[in-house]
Amino acid sequence: MQGLSVFIPTAQKIRYINALLNVGFDTIDVGSFVSPRMIPQMSDTPEVLDGINWQNSTSKLLTIVGNKNGAERAAKFEQVYYLGYPFSISETFQLRNTNATIAESLVRLQDIQEVCAKNNKSLVVYLSMGFGNPYGDPWSPSLVTEWAQRIHEEFQVKIISLSDTIGTSSPETIGEIFENTFKHLRDVELGAHLHARPNEWENKLEAAYATGCRRFDGALSGFGGCPYAADSLVGNMPTEKMFEWLDKHTTLHGIQKQKLADALKISHEVFN
């Protein structure tokens, strides 16, 4: 929702998230504690958290934070389990996305991890621009692995989501990066936060799954994406299609198919 210019009413967000809470997802991203000037759409995240029926759901709730202040605000909510921080290996994108350099972001990571430790929360780091960038900043598969190692070792981060921020990845690079990173980070849960054109999601999912990745981010119907992507067709991975693929190729536990269909219907009402 964050890139939409039309504000989605709080009650509508609550209804949508309540539907998602019934499906059986492992984790649901429910909002952001960032400056309302940066992302006006997420300014009502506290009200959304107060309004959703989270108590009887098995899903863990995640909110994005951009600094220590945001982390402290998010940590006050019992229902928030994960704090997510977008850390870019591209200096240019880190400045655009969080108004901080990579060096400043490392300090923020330390601050946020300390907030997590004090408040019994877990930190998820999104390694954005993990599959290349359009700015000419240094990038290579080995550099992605090096950054993932550093974040794990210096900040004791146990969940790192490799993020294809603007949809530049290919099945080949996905396979290479995940295989290499898994070899060096055996005690880390690696996730795939991939973006794709409508006809690309399956090959990308297959490539990550084949390496052993079992944590996948998506959005119903692939809504959303990154506003910095040059291709308007590049969106999030479509959750319902990923589920269909996984249901054919592996054993899933806890996903309620009818509840997923109900949430999908509501998502079309929300996003019109």
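Is Lys-204 buried or exposed? Keep that in mind as you tour this predicted model. The theme is salt bridges, and the structure holds 9 of them.

**Stop 1: Asp-26 and Lys-60.** Select both residues. They form a salt bridge, with the closest N and O atoms 3.4 Å apart. Now trace the chain between them. Asp-26 sits in the loop between helix 1 (10-21) and strand 1 (27-33). Lys-60 belongs to strand 2 (residues 60-65). The pair is 34 residues apart and links distant parts of the chain. Asp-26 is partly exposed, at 44% relative accessibility. Lys-60 is partly exposed too, at 23%.

**Stop 2: Glu-154 and Arg-150.** Go to helix 6 (residues 141-155), which holds both residues. They are 4 residues apart, about one turn of the helix. Glu-154 is partly exposed at 40% relative accessibility, and Arg-150 is partly exposed at 33%.

**Stop 3: Lys-204 and Asp-164.** Select this pair. A salt bridge joins them, and their closest N and O atoms are 3.4 Å apart. Lys-204 lies in helix 8 (residues 201-210), while Asp-164 lies in the loop between strand 5 (159-163) and helix 7 (171-184), so the bridge ties together parts 40 residues apart in sequence. Here is the reply to the opening question: Lys-204 is buried, because its relative accessible area is 2% and buried means under 20%. Asp-164 is buried as well, at 1%.

**Last stop: a network.** Select Asp-26, Lys-60, Glu-189 and Arg-215 together. Salt bridges that share partners join these residues into one network.

Notes: Residues numbered from 1 in each chain as written. Predicted model: local features only at pLDDT ≥ 70, side-chain atom pairs only at ≥ 80, totals over all residues. Heavy atoms only, no water. Salt bridge = Lys/Arg side-chain N within 4 Å of Asp/Glu carboxyl O. Helix = DSSP H or I, 4+ residues; strand = E, 2+ residues; numbered from the N terminus. Buried < 20%, exposed > 50% of the residue type's maximum accessible area, 1.4 Å probe, protein only.
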